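Me: I'm new to this one. Could you take a close look at a single part for me and walk me through it?

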Amino acid sequence: MNFISFLNKEDQNSYSLLKYLEESRGLSAPIFRIQENLAFSPFILKKTIKKLKEDLELFQLDTSFQLSELDFELKLVVDG
């Protein structure tokens with residue numbers, strides 16, 4: 001069963017982005033590639049990154065996981 005369908009669209013986007021970064025080499029990917037592969041517009045990607053950062057902070061996971069935007073690349077930084 002695909003449980004992602006139970007999430008709202010914003011949470012589905014966050015899940016897709018995390019999964020994509022997790023499966024990417026070095027836990028990072030060029031922003032244009034993320035937009036292309038996940039079919040995110042620049043606006044949706046920025047909104048998803050912002051929401052994901054807020055969620056990590058809300059659930060106190062920001063000490064273990066951070067999203068880092070460097071130039072044209074997005075990286076998931078995992079501590080621990």
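Reply: Let's start with a definition: helices (H or I, at least four residues) and strands (E, at least two) are DSSP runs, numbered from the N terminus. Two strands pair if DSSP finds at least two bridges between them. This is a predicted model, where local features need pLDDT of at least 70, side-chain atom pairs count only at pLDDT 80 or more, and totals for chains, interfaces and linings use all residues. Residues are numbered from 1 along each chain as its sequence is written, and side-chain values use heavy atoms, leaving out hydrogens and water.

The part to look at is strand 3 and what surrounds it. Strand 2 (residues 65–70) pairs with strand 3 in the antiparallel sense over six bridges, with Phe 65 partnered by Val 78 of strand 3. The two strands make a hairpin with two residues between them, and Asp 71 in that turn has a positive phi of about 50 degrees. Strand 3 (residues 73–78) also runs antiparallel to strand 1 (residues 28–30), joined by three bridges; here Ala 29 has Leu 74 as its bridge partner.

Now for helix 2 (residues 31–38). Its buried residues (under 20% relative accessible area, with exposed over 50% and partly exposed in between, using a 1.4 Å probe and protein chains only) are Ile 31, Ile 34 and Gln 35. They sit on the same side of helix 2 because they cover an arc of only 95 degrees around the axis, taken from the directions from the helix axis to the C-beta atoms. Strand 3 is among the elements covering them, as are strand 1, helix 1 (9–23) and helix 3 (42–58), where contact means heavy atoms within 4.5 Å.
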